[in-house]
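Here is a short report on one protein model. Keep the sequence and the 3D view open as you read.

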Amino acid sequence: QVQLVESGGGLVQAGASLRLSCAASGRTFSSYTMGWFRQAPGKEREFVAAVSRSGARMYYADSVKGRFTISRDNAKNTVDLQVNSLKPEDTAVYYCAASDRIGVVVGREEYAYWGQGTQVTVSS
């Protein structure tokens, strides 16, 4: 089992950058595929990015490709999401999640463990 705690959200203007961080507890962090999801008001939670267990492979939603970068540090049990060129439509609660599946893991139902979320608000 793994527990996840996100941080780094905030209120920024369009075009700004943020670095979201997720700290995981447990000794088996490297055995999980890690992902970031987001949920805007009135919308379903959607996939943003995922990183493989080793950190060698990353996957992104089309809406964030080229602007967001996911990375992990298995020695520190952390996974980060660098978000650049923010747009008002990026406003959402961002969640870190862990999956014991291998490969391209983009489905919300494939992630068993979730953090409490961190709010990102982008003003125009």
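## Polar contacts around R38

The side chains of R38 and E46 are joined by a polar contact of 2.7 Å. (A polar contact is a pair of N or O atoms within 3.5 Å; within protein, one must be able to donate a hydrogen and the other to accept it, and residues adjacent in sequence count only if both atoms are side-chain atoms.) The R38 side chain also makes a polar contact of 2.9 Å with the side chain of Y94.

R38 lies in strand 4. Strands are DSSP runs of E, at least two residues long, numbered from the N terminus. With a relative accessible area of 6%, R38 is buried. Buried means under 20% relative accessible area, with a 1.4 Å probe and protein chains only.

## How the model is read

This is a predicted model, where local features need pLDDT of at least 70, side-chain atom pairs count only at pLDDT 80 or more, and totals for chains, interfaces and linings use all residues. Residues are numbered from 1 along each chain as its sequence is written, and side-chain values use heavy atoms, leaving out hydrogens and water.

Where does D90 lie? It is in the loop between strand 8 (78–83) and strand 9 (92–99). D90 counts as buried, because its relative accessibility is 1%. Its side chain has a polar contact of 2.9 Å with that of R38. Another, of 2.7 Å, joins the side chains of D90 and R67.

## The nonpolar core

The largest nonpolar core has 36 residues. Such a core is a set of buried Ala, Val, Leu, Ile, Met, Phe, Trp, Tyr and Cys residues joined through side-chain atoms within 4.5 Å. M34, W36, V79, L81 and Y94 have the most contacts inside it. Among the strands that each supply at least two residues of this core are strand 3 (18–24), strand 5 (46–51) and strand 11 (118–123). In soluble globular proteins, nonpolar side chains tend to be buried together.

## Aromatic rings

The count comes to 6 aromatic pairs. Rings of Phe, Tyr and Trp (its six-membered ring) pair if their centres lie within 6.5 Å; planes under 30 degrees apart count as stacked, over 60 as edge-to-face and the rest as tilted. F37 and Y111 form an edge-to-face pair, 5.1 Å centre to centre with 75° between the planes. F37 lies in strand 4 and Y111 in the loop between strand 9 and strand 10 (113–114), so the pair ties together parts 74 residues apart in sequence. Both F37 and Y111 are buried.

Definitions and conventions:
Helix = DSSP H or I, 4+ residues; strand = E, 2+ residues; numbered from the N terminus. Buried < 20%, exposed > 50% of the residue type's maximum accessible area, 1.4 Å probe, protein only.
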